[in-house]
Amino acid sequence: MTQPKAYRAAILHSLGDPARVGLEASHAYYPDGVLVVADGHVRDIGPAEEVLARQPADIELVRFEHKLITSGFVDTHIHFPQTEMIASYGEQLLDWLNNYTFPEERKFADPDHARRVAGLFLDELLRNGTTTAMVFGTVHKAAVDAFFSESDQRNMRMIAGKVLMDRHAPDYLLDTPESGYADSKELIERWHNQGRQLYAVTPRFAPTSTPEQLTLAGRLLAEYDDVYMQTHLSENRKEIEWVAELFPEQNGYLDVYDHFGLLGERSIFAHAVHLDDHECERLHGTGSGVSFCATSNLFLGSGLFNLARFERHGVNVSLGTDVGAGTSFSLLQTMNEAYKVLQLQQQKLHPLKAFYLATLGGPRACGWRIASVIWRSARRRISWCWTCTPHP
């Protein structure tokens with residue numbers, strides 16, 4: 001066991017959703033606080049005088065004057081291959097994919113290119129205080145392998161996966177149901193629970209996967225009961241109309257994923273802008289979470305996320321930057337845009353609620369069990385990552 005180390009500054013961390021527990025019970029704030037860390041885990045936290053009285057007199061103490069220590073941000077929707085095409089302008093979702101995204105993702109057939117961009121991407125996350133993220137790769141197995149390798153070297157908590165996409169995209173980006181299943185299985189065996197790395201089965205969205213591929217995505221979730229699932233849901237109205245044409249036998253967009261067994265406590269659905277009450281009820285009933293991607297939804301003109309509706313139905317909500325349609329890696333900037341999205345709907349976003357969505361909201365949306373300041377999943381202990389940001 002390594003010797004504990006103490007950090008002294010103002011400290012803020014989230015304890016619960018203000019909408020469920022109230023503002024006062026939703027957080028802990030210590031104007032003069034101490035955080036004690038040993039062996040990569042938080043050992044103690046609280047007012048400086050109380051915490052230091054419990055420590056050895058010779059404990060190493062690092063002071064951060066006029067700084068705020070917070071838990072690391074958790075970004076539940078972001079695309080690492082879109083790092084260098086961030087904020088490509090002038091299109092809505094479907095044209096944006098065809099004109100910008102697919103040509104950019106073609107480059108990731110080259111593992112060296114994927115490794116370079118992955119390093120840039122991960123360093124940019126850390127620079128913005130994000131220590132955990134749920135990440136889309138490309139269709140290329142080698143690119144995802146390179147991404148996990150770079151993340152593992154940095155000891156970051158990444159939940160990532162190879163995109164499954166066997167139709168309605170350029171030929172150079174298509175896999176098959178069988179190859180997508182096999183590649184995903186190989187990546188799961190290699191990377192899931194390797195260090196701090198976790199795997200997410202990743203169908204891009206319903207229109208780019210055949211029923212056969214979605215069936216095999218559901219099989220992967222059944223075969224590996226602790227892997228995650230990430231995809232897009234009801235981002236754009238034309239997209240929703242397209243899904244209805246492709247899956248006429250299903251009762252709406254969410255029902256497509258439900259039919260193939262993709263809902264569950266470890267499933268994150270990005271955007272979810274245009275949902276009805278029945279779909280929200282189903283998300284809550286299955287423990288599925290959603291990612292509120294405010295900057296992306298505004299930049300692509302997709303629509304306004306209705307947070308109050310999700311709160312009424314008890315759905316776990318988190319925040320996603322959605323780079324590269326999102327215009328910033330910063331979850332602080334995403335909170336800023338989320339505030340505006342809700343103001344346009346006569347809803348108020350309290351700063352403590354925004355902070356919850358960017359920190360504790362992510363683990364809750366991913367189905368992680370939480371006790372005190374230690375995150376616990378069903379099988380393992382997960383310590384908080386902490387970062388220093390300027391004191392307001």
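**Figure 1. The salt bridge between Glu60 and Lys5.** In this predicted model, Glu60 forms a salt bridge with Lys5, and their closest N and O atoms are 3.7 Å apart; a salt bridge here is a side-chain nitrogen of Lys or Arg within 4 Å of a carboxyl oxygen of Asp or Glu. Because Glu60 lies in strand β4 (residues 60-71) and Lys5 in strand β1 (residues 5-14), the pair ties together parts that are 55 residues apart in sequence. Helices (H or I, at least four residues) and strands (E, at least two) are DSSP runs, numbered from the N terminus. Glu60 counts as partly exposed at 45% relative accessibility, and Lys5 counts as partly exposed at 26%, where buried means under 20% relative accessible area, exposed over 50%, and partly exposed in between (1.4 Å probe, protein chains only). Residues are numbered from 1 along each chain as its sequence is written, and side-chain values use heavy atoms, with hydrogens and water left out. As this is a predicted model, local features need pLDDT of at least 70 and side-chain atom pairs count only at pLDDT 80 or more, whereas totals for chains, interfaces and linings use all residues.

Figure 2. The closest N and O atoms of Asp112 and Arg115 are 3.1 Å apart, and the two residues form a salt bridge. Both residues lie in helix α4, 3 residues apart, which is about one turn of the helix. Asp112 counts as exposed, with 54% relative accessibility, while Arg115 is partly exposed, with a relative accessible area of 35%.

Figure 3. Glu223 forms a salt bridge with Lys185, with the closest N and O atoms 3.2 Å apart. This pair links distant parts of the chain, since Glu223 is in helix α7 (residues 211-223) and Lys185 in helix α6 (residues 177-191), 38 residues apart. Glu223 counts as partly exposed at 37% relative accessibility, and Lys185 is partly exposed too, with a relative accessible area of 28%. Salt bridges that share partners also join Lys141, Asp145, Asp183, Glu186 and Arg190 into one network. By the rule used here, the count comes to 22 salt bridges.

Figure 4. A search of the whole structure finds 14 aromatic pairs; rings of Phe, Tyr and Trp (its six-membered ring) pair if their centres lie within 6.5 Å, and planes under 30 degrees apart count as stacked, over 60 as edge-to-face and the rest as tilted. Phe80 and Phe121 form an edge-to-face pair, at 6.1 Å centre to centre and with 65 degrees between the planes. Because Phe80 lies in the loop between β5 (73-79) and α3 (93-106) and Phe121 in helix α4 (residues 111-127), this pair ties together parts that are 41 residues apart in sequence. The rings of Phe121 and Phe329 have their centres 5.7 Å apart and their planes at 65 degrees, so this pair is edge-to-face. The second pair links distant parts of the chain, with Phe121 in helix α4 and Phe329 in the loop between β13 (316-319) and α13 (331-343), 208 residues apart. Phe80 and Phe121 are buried, and Phe329 is buried as well. One aromatic cluster is formed by Phe80, Phe108, Phe121, Phe147, Phe148, Trp191, Tyr199 and Phe329.

**Figure 5. Arginine side chains over tyrosine rings.** Arg106 lies over the face of Tyr172, at 4.1 Å from the ring centre, and Arg266 lies over the face of Tyr228, at 5.8 Å from the ring centre. A charge sits over a ring if NZ of Lys or CZ of Arg is within 6 Å of the ring centre and within 35 degrees of the ring normal.

**Figure 6. Pro363 and its setting in the chain.** Pro363 is placed in helix α15 (residues 361-365), and this residue is buried, with a relative accessible area of 0%. Pro363 and Phe147 are 216 residues apart in sequence and 21 Å apart in space, C-alpha to C-alpha. The protein chain as a whole has 15 helices and 17 strands, and of its 392 residues, 60% count as buried. Its C-alpha atoms fill a box of roughly 65 × 45 × 40 Å, taken along the principal axes.
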